[in-house]
Each structure stands twice: as C-alpha cells, then as structure tokens.
Amino acid sequence: MHTLHCASSHITGDGGGMAGVETMAREENGQAGDQVTSLSRAVERKRYTPVLLEEQEKEAEDLRSVLTRKLKKKCLCSPSRAKELVLGFFPILSWLPQYRPKECLLGDVMSGLIVAILLVPQSIAYSLLAGQEPVYGLYTSFFSCIIYAVLASSRHVSVGIFGVLCLLVGQVVDRELQAAGYTSEGGRNQTGMTGAGNLTAGMTCDQSCYAISVATMLTFMAGLYQVLMGLFQVGFVSVYLSDSLLSGFATGASLTILTSQVRHLLGLKLPRVQGLGSLVKTWVSLFQNLKDTNLCDLVTSLLCLLVLVPTKELNDRYKAKLKAPIPTELLVVIVATLASHYGRFEERFHSGVAGTIPTGFQPPQMPDWSLIPNVALDAFSIAIIGFAITVSLSEMFAKKHGYTVDANQEMYAIGFCNILPSFFRCFTTSAALTKTLVKDSTGCHTQLSSLVTALVLLLVLLVIAPLFYSLQKCVLGVIIIVNLRGALRKFGEIPQMWRVNRVDAAIWLVTMATSALANTELGLLVGVAFSAFCVLARTQRARAAKLGRAGESGPYEDLSAYRGLQAHAGFIVFRFEAPVYYANQSLFKKALYRCTELDPVQEAALRRKQQQQNKKRKKQKDKEKEEEAGLEGRGGASPDSGVATVAQLIVPEKRSFHTLVIDCGPVLFLDTAGVNALKEVYRDYKELGVGVLLAQCNPSVLDSLRRGGYLQQGSDEAQLVFCTISDAVGSTQSYCTENGGCEIDSHC
C-alpha cells in the first residue's frame, strides 16, 4: 500500500486567534509579553506537519479475468437481459407505448408533413448529384425515414439524402462508369430502370442500371462498416472529427458540389471531371464550352435563383415568427414542371429533363458482390462521415431538449439505414442538418414525424412521381446550389474564427482547401492528419512559466501574466503545461533550464573544466621553482581550495535559489522518457546543491513515477512529492529554519 504525505501548514493562530490567545495568557499568568513573543516565533517558523493520505487498494486483475467478467456480463441470459437488449436495439418499443397523443401528435404530424414537402424536390435534385435516376432518391428517403424511426435513439434528427455524401457517391459512380466503358455525357438511359438486374446473374445492364449497382454496393459496404463499428463499440471515433474539421470538409465539398452543378444551370452536357484538381479542371472546361450554353436552361436557372434565394433568406430571418417555413422549393418545382411541360422545353430547346419516374417499387435485388474490391475503400470514408454527422446532430438536439442518445445505437441505426435499403436500389444516407432544424422548429416531439414523412413519400411514389417528367435538370441544380448557402457562409466567418482560435481556423482552411482543390476524400484524410499534427504541435510548444503568488494564501500563477505576484526567496516554482513524453521531454528540460537560468549540465561541465585548469596551473607552479617564493608571497592556494573558490565563483553568480518546485498539475501523464527526464533533472540539480520537489501530481503521474523508479521502494515520498505548491514551499522553509540550512535530503 502506497502512502502520500501531503504536508499541510498548521500555524498556531491567525490575526484574530492571536489576540484571543494573548488575552487568555494575561488573565492566567500575567506574562503577556513572553506569550506574544513565543507565539510570534511559532508563526514565523510556520511549522508543517505531514498529513497522511492513504491510497485505496486496487485489486489487480489479469487480462483473462477482465475478459471473462465482461463476457459474462454481455452474454448473460435472462428474461430481463433479453428485454433490455430488445428495447435497446429497438428504441421505438420504449417510447411508442408511452406516446402522449394530446401533447405530441399535432406537432409530429405537422413537422412530418413539412419535412416531406421539402424532401420531395431535394430527393429528386440530389439524385442528380449522386449520378442516379430521380426515383432512386425518393426510394432512399422513404426507406431511411422508416428504418431510422424504428432504430434511432434520437427523437428529432431527420435522416435522408445529404449533399456531401451524394457528391462522394456520384464521384465513385462516375469513376466506375468510366472504368466500365460507359460515357457520362448527356442524360441517363431511361430504359435501364425497368430492365435492371443483378449483374452477377448475367442479365444485360445499361448505364443507369450499372450506376445504381455501384451505388447500392457502395451503400451496403458503408452500412456494414457502420454496423461493425457499433458492434465493436467504437462510436468514440467521432470525437476525432472536430467541428472545425467537419465544417471545413463540408465547405470544401460544397464548392465541389456547386462547381458540378454549374453545367446543369448552363445546360452544358459535359462529363464530370475525376481525380486531383477536379474543381479547377471543371471550371476550365466550363469556360471552354461557354459558347454552347443553353439559353432556355440559363434563363430558367436565373429565374429560379431570383425566387429561391430571397425566400430562403426570409425563412431564415423570420423563422422565429413563421410557424412553418415557406415551401418555396416545392412551389418552384411545380411551376417549373408546368412551364416545361406546356412550353415543350425538351423538344423546342433541347433542355435536359428528369425523364420518366415510374410509380410503385421495383423488386429487391442483391448488390453486385463483384464490385466490393472497387468500392470498399471509398465506403469507409463515407461511413465515417455519415456517422460523424449523425452523431453530432443527435447529440446537439438531445442536449437542447434534455435527453441522452447512445452513440453506438446511432451507429446501428444509420448503418441499417444503408444496409437494408441497398437491396431496394437506394444510396447512402445520413442525418441532414437543414431538415432537422425544420423538424425541430415545427413542433417535432418523436420519430413519429419520420413515419409521417414516409407516408407522404409513399403517396408521391405511388401516384405523383410521373408528373415530374418534364422537370428541368437546371431547376434541380438550382435547388442544390441554394441549399449550399449555409456552408458557403462560413467564408464570411473566417476572420472571427481566426480571432477566436487560430489553430481551429488553420484546420478549417487546410481541410476546406484540400477538399475543394485536391480531392474530397483526400481532404478528409488531410484534415484528420493535420488535426493530429496540431495536437502534437501544441505539446511541442507547450507554455512554460515561472510562478509566484500574491499574499500568503493566493494561488500560484505565471509571473509574466499577472502583476503583483511575488516569488519566494530561494525558490523557483516551475510549471510546464503539457504531458511530458518522448516527443517533448527535451523541450521540457530546455524550458526548465531557461526559466531557472541555470543549466546544470553546462554548469557541471564548467566545473570539471575549471578543475582541470587548476590542476594544470598547479603543475606549472611546481615546475617554476624560481617563482615559488613570489607565488607564496601572493598567497597561492592548494588545488582543492582553488577548485572550491572557482566553484563558488561559478555557481553563486547564477544560482539564486536552493529549491526547485515543479508544478505537475498540468502534466496529464508521463511515459518512460518523461520519467527519465525528471530523474535526470533531479540528479543534475542535486549535484549543484539544488533540491527538486514535485507538487500536485495526479494518481496516474504518481504511478508512472513509482514504476519508472523516480520514487524508489522504501524511499520517503513526503520528501519528494507534495499535494500543493504551498506545502512544498512551506515544508522546505520549515526544514531550513529548524536545521539552519536548505540542503534537501531526499532519495531517488
């Protein structure tokens, strides 16, 4: 059992207490003057008595016992355990029996209807971004709403098509189409939807069929990754994707999305550019083909922008006053479809249109397993992004409404929202911020609103979908671009981000620039790597400070940061605001030497060099016998006394302290290199007569010190480690007062 002595100051009395003691002394024996003198001396000595903190015993468990205990807990078979597992995996079984219709039904129905009105045009539009037929976007939104409502622990998040994921899916689809020999110019072949089948079954598959086959396999793999991560309880990985990283990634991807949709606004039939620098290459291609702009599509796009942008701004500005957002997108889609149909834009102006959108559902089919090697790596990045966005939104709205969500259950929910729909020709989904905000602002209480949204989508799929045949693709492109406003607004926040935190601003800029200018997936990887580099850089450039305090009971703070702080005579209190480990242990020592203005290694080298010089001088004096009499007249000293004199000239000029106190409060952990660095510091300073004390060590650091040999078995830790800086300083002062010297007798 280890014990830690925390020296606490026990002064005989304070100001008020001293007056009372003096009065009692006068009344009892009439020797007030002697009593005051003795009490004053006691105060000056500030005698410290150690307080023993006895650490709790921890039962040592081997790995086998830990694994056995956890397996028994997980594999426990009982009715209550089975009920807990079922209710945990299907949260709808927990909240649906307790549903309060009078309080929640109206809000859920209204929010579900409004989200569905927004979701119909966006589902059709984002299908274009993913390189798919419009009906597949409606399929995706329909199935994901139902599955997420059953499996999600969040009550307010709305899942569906998300622009960034659609971009990633579209890039993979276009890459595989080109690899398979398909061309991506013009519209998709419309006959592929009815004849689509599993490629492995040997059936003929056209471009549209192959595109959805790639998307479904990609979606299946992404969902499989997400479920596996939930199974292995690795939901914590989302914490490594910071808000600045995700925001920069979304903004960079938004620039790529905007660029990819400009061709539709102009009516240009250009293939999507793949590879590094696709954004720049796309703009070059657009300018080269600007002469081929379709004037009908351009005019339609400008009119839609003039309607959608102001209305969206009004929705944002007056969202607190509006009971529901104005469904401008749906109105624009309806009007544009009618205008295109009766104006015969496709025949007269060769405008690209959505084409045939069949009613009902196609029979399920297995994903094409032969595509797994082609899409496995792409699916992993999509899985991470989808999960991170879903968990971030679910936790944000759970905190707002006062409940908790299970990150691993969210992993299951979004994973099965990808796995199961992949058998019904759907592509990747995740939580969507815009629709979640609408859902929350329109009175949503539970995921029943998602089921209402699914019912509306079902009505569209069964009855209304064919009416969108004449909808121009440029209108869908405008809808996509207008919904990028939130991400693009981040450019205006760069100065504010830079003022608040330059490191986070740098992460945002690097991630955004890489995602936009290089490659979307590469941008995410570079962002994660750069974030990790910034964390390491912070430990490499950790703040080191010399501490002082104001008064007798104030906290110890940086002398260079606050006025009125005083350092203790004979003491230096040093703080290093980072863990000490292999990568920064040399920087820790350099910072310490700089703050103390004494490098013990160099000081020891100077002493040895001076000793050697003194010996040489002595030998030279012995040889020069003719000057012996003159040297003795000037008081020549022996080698030992010469060395001592030189040492006294070297050390006292630089050493204005006898004790070094290291504040270990900010030191979260020590590795072997860190412990060795502390041992070197202790040993080197001890050779110069300077004591080294540690203060405010947490249990993890203490354990590392014991394991690393800094605190050896049988040594008195009270001489080396203190609970507070005040205890370390006060105990040393008491020791010096009582013993008439300040040589610290401690053992390492």
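Biologist: What makes Arg 344 count as partly exposed?
Modeller: Its relative accessibility is 49%. Buried means under 20% relative accessible area, exposed over 50%, and partly exposed in between, with a 1.4 Å probe and protein chains only. So 49% makes Arg 344 partly exposed. By the way, this is a predicted model, where local features need pLDDT of at least 70 and side-chain atom pairs count only at pLDDT 80 or more, while totals for chains, interfaces and linings use all residues. Residues are numbered from 1 along each chain as its sequence is written, and side-chain values use heavy atoms, leaving out hydrogens and water.

Biologist: And why is His 350 called exposed?
Modeller: His 350 comes out at 57% relative accessibility, so it counts as exposed.

Biologist: Where do Arg 344 and His 350 sit?
Modeller: Arg 344 is in the loop between α13 (328-343) and α14 (345-349), and His 350 is in the loop between α14 and α15 (372-401). Helices are DSSP runs of H or I with at least four residues, strands are runs of E with at least two, and both are numbered from the N terminus. The chain has 30 helices and 10 strands.

Biologist: Why are α10 and α19 called roughly antiparallel?
Modeller: Helix α10 (residues 243-266) and helix α19 (residues 473-482) pack at about 155°, their axes 8 Å apart. Axes are lines fitted to C-alpha atoms, for helices over the stretch in contact, and angles run from 0 to 180 degrees between N-to-C directions. Under 35 degrees counts as roughly parallel, over 145 as roughly antiparallel, 65 to 115 as roughly perpendicular, and the rest as oblique. So α10 and α19 are roughly antiparallel. Ile 257 and Leu 258 of α10 are among the residues making the contact, as are Cys 474 and Val 478 of α19; contact means heavy atoms within 4.5 Å.

Biologist: What makes a set of residues a nonpolar core?
Modeller: Its members are buried Ala, Val, Leu, Ile, Met, Phe, Trp, Tyr and Cys residues, joined through side-chain atoms within 4.5 Å. The largest one has 105 residues, and Leu 138 is one of those touching the most other members. Helix α9 (residues 207-231) gives the most to this core, with 14 residues.
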